[in-house]
Amino acid sequence: MPETLTALAERYGPRVRLSESFGETTADVEPDDWLDLLAFARAGGYEFFDWLTAVDDPPDAFQVVAHLLDPVSHRRLLTRTRVPRADPRLPSAVGVFRGADWHERETFEMFGVVFDGHPNLVPLLLPEGFEGHPLRKDFVLAARVAKPWPGAKEPGESDHGSPSRRKTLPPGVPADWGRDG
């Protein structure tokens, strides 16, 4: 186990769950240890903040995930914590990694996870007045409400076989070209 990971295990003891898969280490901690874990990892060489997002984990939680890189050893560290769905709050990591700013804004907008202490937690991508959090698994897509889905939702749900491929003409060719009339 690399030096930083040994230090993580020593610092957090049973409060951290370390696992390794495909050469990438994952550290799972409780929300109370989230910021401290990020700061400790940064001080231990994981100085490059790659990305942060959430994963909807129904029925009761969201996982917040951050990916860090040690630019010297090229080791990667995936950090994760779980926040309750009823009140998804976590301290902002912007004080540790400035690059977390837009990632936290996007995660707030798409999943509804609130990052306490964020300097400007406002919508980033969606139009003004948009209601809801579109990456939550319980979010109903408006397109499916306004217009029925054209195909089978799941394999075997429809009474007919798979749809045939529609014959299309190359762009710019008149619709009646080449047809016997």
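This is a predicted model: local features need pLDDT of at least 70, side-chain atom pairs count only at pLDDT 80 or more; totals for chains, interfaces and linings use all residues.
Residues are numbered from 1 along each chain as its sequence is written, and side-chain values use heavy atoms, with hydrogens and water left out.

**The whole protein**

Of the 181 residues, 31% count as buried. Buried means under 20% relative accessible area, exposed means over 50%, and partly exposed is in between (1.4 Å probe, protein chains only). Now for contacts, meaning heavy atoms within 4.5 Å: among those between residues at least 6 apart in sequence, 51% join residues at least 24 apart.

**Stop 1: helix 1**

Select residues 3-12, which make up helix 1, and pick out its buried residues: Thr4, Leu5, Leu8 and Tyr12. Look down the helix axis: these buried residues fall within an arc of 100°, so they line one face of the helix. (The arc is that of the directions from the helix axis to the C-beta atoms.) What do they pack against? Show strand 1 (17-21), strand 2 (24-28), helix 2 (34-43) and strand 5 (76-84) to see the partners of the buried residues of helix 1. On the face turned away from the buried side you'll find the exposed residues Glu3 and Glu10. Just after helix 1, click glycine 13, which takes a positive phi of about 55°.

**Stop 2: helix 2**

Next, select phenylalanine 40 in helix 2. Is this side chain's residue buried, exposed or partly exposed? Phenylalanine 40 is partly exposed, with a relative accessible area of 22%. Leaving aside neighbours within four places in sequence, phenylalanine 40 is in contact with Ala7, Leu8, Arg11 and Tyr12. Try the distance tool on the C-alpha atoms of phenylalanine 40 and arginine 11: they are 29 residues apart along the chain and separated by 9.2 Å.

**Stop 3: the core**

Select Leu38, Val64, Leu68 and Leu77. These are the residues with the most contacts inside the largest nonpolar core, which has 30 residues. A nonpolar core here is a set of buried Ala, Val, Leu, Ile, Met, Phe, Trp, Tyr and Cys residues joined through side-chain atoms within 4.5 Å. Which elements give two or more residues to this core? They are helix 1, helix 2, strand 3 (48-57), strand 4, strand 5 and helix 3. Zoom in on leucine 38: apart from neighbours within four places in sequence, leucine 38 is in contact with Ala66, Leu68, Thr79, Ala93, Val96 and Phe97.

**Stop 4: aromatic pairs**

Rings of Phe, Tyr and Trp (its six-membered ring) pair if their centres lie within 6.5 Å; planes under 30 degrees apart count as stacked, over 60 as edge-to-face and the rest as tilted. By this rule the count comes to four aromatic pairs. For one of them, select phenylalanine 62 and phenylalanine 111: this pair is edge-to-face, 6.2 Å centre to centre with 75° between the planes. Phenylalanine 62 lies in strand 4 (residues 61-69) and phenylalanine 111 in helix 3, so the pair ties together parts that are 49 residues apart in sequence. Both phenylalanine 62 and phenylalanine 111 are buried.

**Stop 5: the loops**

Go to phenylalanine 22, in the loop between strand 1 and strand 2. Phenylalanine 22 has a positive phi of about 55° although it is not a glycine, and at 83% relative accessibility this residue counts as exposed. Then try proline 59, in the loop between strand 3 and strand 4. A cis peptide bond joins proline 58 and proline 59, with omega about 5°.

Finish at serine 92, in the loop between strand 6 (89-91) and helix 3 (100-111). At 9% relative accessibility, serine 92 counts as buried. Not counting residues up to four places away in sequence, serine 92 touches Leu35, Glu104, Phe115, Asp116, Gly117 and His118.

Key: Helices (H or I, at least four residues) and strands (E, at least two) are DSSP runs, numbered from the N terminus. The arc is that of the directions from the helix axis to the C-beta atoms.
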